[in-house]
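Subject: Handover of a structure and notes on its contents

Dear colleague,

Please find the structure below. I would ask you to keep it open while you read the notes that follow it.

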Amino acid sequence: MSTLSEVLAAARAEGRAALIGYLPAGYPTVEDGAAAMTAMVEAGVDIIEVGLPYSDPLMDGPTIQAAVEVALQRRTSTEDVVSTVREVAKTGAPTLVMSYWNPVQRYGVRRFADELAGAGGAGVITPDLTPDEAGEWLGATDATGLDRIFLVAPSSTEARLRYTADHCRGFVYAASTMGVTGARASVGDAADRLVARTRAVTDLPVCVGLGVSDGAQAAEVASFADGVIVGSAFVRRLLDAPSAAAGRDAVAQLAGELAEGVRRGRRA
Amino acid sequence: MSTPDSTGHFGAFGGRFVPEALVAALDELTVAFEKAQADKAFQAELAGLLSSYTGRPTPITEAKRFSRHAGGARVLLKREDLNHTGSHKINNVLGQALLTREMGKTRVIAETGAGQHGVATATAAALLDLDCVVYMGEEDTQRQALNVARMRLLGAEVIPVTQGSRTLKDAINEAMRDWVTNVDTTHYLLGTVAGPHPFPLMVREFHRVIGDEARQQVLDLTGALPAAVAACVGGGSNAIGIFAAFIDDADVQLFGFEAGGDGVDTGRHAATLTGGSPGVLHGARSYLLQDEMGQTIASHSISAGLDYPGVGPEHAYLHETGRATYRPITDTQAMDAFALLCRTEGIIPAIESAHALAGALDVGKELGPDAVVLVNLSGRGDKDVDTAAKWFNVVSDDEIVASARATVEEPPQDSSGEGW
């Protein structure tokens, strides 16, 4: 069983959802970004997603774009992403990478998988790669044992849900709403329905992302999902912080609030 | 030739690299497109619009005086510049706008660089009573203020994109984000043969009329097929449209002319096939301009319509198989050909199309006297008059700025009444 699966199973055994937190590598700097992720783990985040900065992030809203643009201006490289994973994985928390496909292909699919696994990475989330085009990726993740997480969406047909879940390992990422990343006032019923439809076709844990920004929403999502994924809200804290130290404190505070939320939202 | 395959692959290129949320919409679009291709009523309605609204068939014009500069070859111009809205773009836009209606959607979104595709989309949306939003890089909205005004006059909402490099590629990203959010009611009316399947296939088929007409027109005029076909390539829609009818004619050479900007060796260009490498951008595997990490590199060209760091996947396939030849044309070469066509034929071409003209001059010299070179004159140059005027110092920057400011700031009722 992978470290990712173990952590998800442990949370399930506690009767709660896992908390998954995202930050892009390289913001505000490579070192400070890794330190912020470490602080998130210490404050209650179970699993970390390290974003690989990309010039054309078409699944991301303005908050994540703003941080990623800064990371790219500072020439954050794929090697920096791997070193961030190495640093964060030292906490013991499963550490995933979230990457658009072109940087992986450009780096070399097998090389990317090998280096990530070597750094202690647990898996990869691919927002613009579906199993349809993933032949080489399936081979590389099988060879390295990395978990591979594809997304399902409210628009996915039952056949697509089954097909996608069959190719996932670790968990299935349920995109709660039709849209891009970013905080929303309400995550809504669509996520609940999507999780139920996904559970009907797979035994894998189903984690929900897109739109969760506070403890109350985390509790709501935690009442029906195996994991709650929060990205833009953490990034917003960093963007608004006057210093790297203040940013660390701010993301840790949010992590604490969300960690309390996923425990409050335990399934009845 | 049966490319692409059923999942949109042209050899190693094409396919779908998109968020899962868009897969259902792309499947729906594929089904609607295939149904429309076989639907006589749909085809008749589209053909009717192309003739009564767009003005098709467009003629071919033998450019006799221009040809003297092409080594004595006969240069024939396919006059897509004479289409309603000023370029070939309207062919595809009308087809997709009709499909939007067939799918029961009420809103179209589009990306635009120079504004030609945005204007064409706004036009079709007005005609078919669709809501229309056009995404345009903020930098382009400033460079092409007149086309922003045209779109707004036609009832479209123009949204300046302030993300990333604020140009065409970022406008495509923003349109994709809108689409994934509003896909129930909205069709993304993509303007070129790039993007995920079925766009490269569908847009090719809607532009195939260019090649089908031109092939017969050349046969009627000369009694034979042309020796070569030349077209400019940004995303590559006009080139695929004219190539499509000749791909199976092995003796007809196909030439795509990319925007060489300041020269490919300077790094400031948009010559994706000449100076780029394979990768994934905007939903398909093709060639693109990218750095060693896979980040997209900004392109440069005097021609806003060619200023794009990607290219349609079928061009990547034609490039790798050698069926078509792609060459860069610098800004200077293109503008020299632009001036030559103005002075020898009385036709002001779009600067995009001037790249094809410049390439044709070389191809003509290589092929020798009496070889027939068919050039796709994809658009007219009205939109480029201020760029060309600056390039050739016909009027000064200050004069252009003052004139533009006066046009924008002066209340219409206060302007003088001459002109029409």
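What pLDDT does chain B average, and what share of the residues score at least 70? Chain B averages a pLDDT of 94, and 94% of the residues score at least 70; pLDDT is the predictor's confidence in each residue, from 0 to 100. For the complex, the predictor gives an ipTM of 0.95 and a pTM of 0.95. In chain B, residues 415-420 stay under 50 in pLDDT, and the model has 1 contact beyond four places in sequence for them, where contact means heavy atoms within 4.5 Å. Where pLDDT is low, the predicted coordinates should not be read in detail.

The conventions are as follows. This is a predicted model, in which local features need pLDDT of at least 70 and side-chain atom pairs count only at pLDDT 80 or more, while totals for chains, interfaces and linings use all residues. Residues are numbered from 1 along each chain as its sequence is written, chains are lettered from A and ligands numbered from 1 in the order in which they are written, and side-chain values use heavy atoms, with hydrogens and water left out.

Helix packing

Helices (H or I, at least four residues) and strands (E, at least two) are DSSP runs, numbered from the N terminus. In chain A, the axes of helix α2 (residues 30-42) and helix α12 (residues 244-264) come within 8 Å and cross at roughly 30°. Axes are lines fitted to C-alpha atoms, for helices over the stretch in contact, and angles run from 0 to 180 degrees between N-to-C directions. α2(A) and α12(A) are therefore roughly parallel (under 35 degrees; over 145 is roughly antiparallel, 65 to 115 roughly perpendicular and the rest oblique). From α2(A), A:Asp32, A:Ala35, A:Ala36, A:Ala39 and A:Met40 meet A:Ala244, A:Arg248, A:Val251, A:Ala252 and A:Ala255 of α12(A).

In chain B, the axes of helix α1 (residues 23-37) and helix α9 (residues 199-222) come within 11 Å and cross at roughly 30°. That makes α1(B) roughly parallel to α9(B). On the α1(B) side the contact is made by B:Leu26, B:Leu29, B:Phe33 and B:Gln37, and on the α9(B) side by B:Phe199, B:Leu201, B:Met202, B:Glu205 and B:Phe206.

Buried residues

Buried means under 20% relative accessible area, exposed over 50%, and partly exposed in between (1.4 Å probe, protein chains only). Helix α11 (residues 232-240) of chain A has A:Ser232, A:Ala233, A:Phe234, A:Val235 and A:Leu238 buried. Their cover includes β1 (18-24), α2, α3 (62-73), β9 (227-230) and α12 of chain A.

A:Val180 lies in the loop between β7 (172-175) and α9 (188-199) of chain A. A:Val180 counts as buried because its relative accessibility is 12%. Among the residues that A:Val180 touches, beyond four places in sequence, are A:Leu58, A:Leu210, B:Arg177 and B:Val180.

Backbone details

Most residues other than glycine have a negative phi, and most peptide bonds are trans. The peptide bond from A:Tyr27 to A:Pro28 is cis, with omega near -5°, and A:Pro28 sits in the loop between β1 and α2 of chain A. The bond from B:His197 to B:Pro198 is also cis, with omega near 15°.

A:Arg75 is not a glycine, yet has a positive phi of about 60°. A:Arg75 is exposed, at a relative accessible area of 69%. B:Asn393, likewise not a glycine, has a positive phi of about 55° and counts as exposed at 65% relative accessibility.

Yours sincerely
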